[in-house]
Amino acid sequence: MQSLDAKTLPGLFERFAARFVAERDALIALDGKVGDSDLGLTMSKAFVAARDKVVGEFADADISTQLKQAGGAISKAAPSTMGTLMATGFLRGGKALADAERLDAAGLGAFWRAYADGVAMRGKAKLGDKTVLDVLDPIAAAYEAQAAAGAELEAAGATAAQAAADALEATKDLVAQHGKAAAFQEKSRGIQDAGGTVAWMLADELAIFLKTAAS
């Protein structure tokens, strides 16, 4: 499979919502180690709202509009730090795909690069700060490299998901520099970043979706 169209995206948001509802308690437990313990609640609310928006009134909209509407829904449903960052990512990613009729590996590379850049700007974070950016950037880089190699979507998705998993594991060696986790400094070492876990879940669920769509 080389590309997706707008008719397939509502199915992806169905998967995102189901994943974050299922992972709610795990994210609460992870976030509770050095955070506010609310990440699981906010992400499940955020992606249920995004699903409802995309699957509902914008099911027949173009790709860019669907992604931007998802971002807007996340912003309203989860006005927390991570909710705002996720909303920014989808809004920026949707803007980057203006006029796109289909999504191929290059399109996903453009989406994730805009997503990561938007999060970095909004969160004032840089690589190595132990934030969601430390996983988002490798996802974007993986899709960009796969696109340059002419990979099909299923292979690109699997590669990006593995890059996300590897990057998430690497966050255990970092010390948090932002948010409540920063107050723990060295105590945050050895714990995978909660925001990075959200990014990995998005990449992983997207890879599963691409594999399913290709079969």
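Start by selecting α1, which gives the most to the lining of the largest cavity, with four residues; helices here are DSSP runs of H or I of at least four residues, numbered from the N terminus. The model is a predicted one, in which local features need pLDDT of at least 70 and side-chain atom pairs count only at pLDDT 80 or more, while totals for chains, interfaces and linings use all residues. Residues are numbered from 1 along each chain as its sequence is written, and side-chain values use heavy atoms, with hydrogens and water left out.

**The cavity**

Next, select Leu9, Leu12, Phe13, Phe16, Leu67, Phe90, Leu103, Leu108, Phe111, Trp112 and Leu206, which line the largest cavity. A cavity is a set of points, on a 1 Å grid over the protein atoms alone, where a 1.4 Å probe fits but cannot get out, and its lining residues have an atom within 4 Å of a point. The count comes to one cavity of 30 Å³ or more, and the volume of the largest is about 110 Å³, a volume being the space filled by probe spheres set on the points, which are joined across faces, edges and corners. By class, this lining has 11 nonpolar, no polar and no charged residues, where Ala, Val, Leu, Ile, Met, Phe, Trp, Tyr, Cys and Pro count as nonpolar, Asp, Glu, Lys and Arg as charged, and the others, Gly among them, as polar. Both α1 (9-22) and α6 supply at least two residues of the lining.

**α5 against α6**

Now select α5 (residues 81-96) with α6 (residues 105-123), whose axes come within 7 Å and cross at roughly 135 degrees; axes are lines fitted to C-alpha atoms, for helices over the stretch in contact, and angles run from 0 to 180 degrees between N-to-C directions. The two helices are therefore oblique to each other, since angles under 35 degrees count as roughly parallel, over 145 as roughly antiparallel, 65 to 115 as roughly perpendicular and the rest as oblique.

**α6 against α7**

Residues of α6 including Leu108, Trp112 and Ala116 meet residues of α7 including Leu136, Ala140 and Tyr143. By class, this contact has 15 nonpolar, one polar and three charged residues.

**α2 against α3**

Finally, select α2 (residues 24-34) and α3 (residues 39-55), which pack at an angle of about 140 degrees with their axes 7 Å apart, and this makes α2 oblique to α3. Arg24, Leu27, Ile28 and Asp31 of α2 make the contact with Leu39, Gly40, Leu41, Met43 and Ser44 of α3.

Note on methods:
1 Å grid on protein atoms, 1.4 Å probe; cavity = no way out; pocket = protein on both sides within 12 Å on 5 of 7 lines; lining within 4 Å. Contact = heavy atoms within 4.5 Å.
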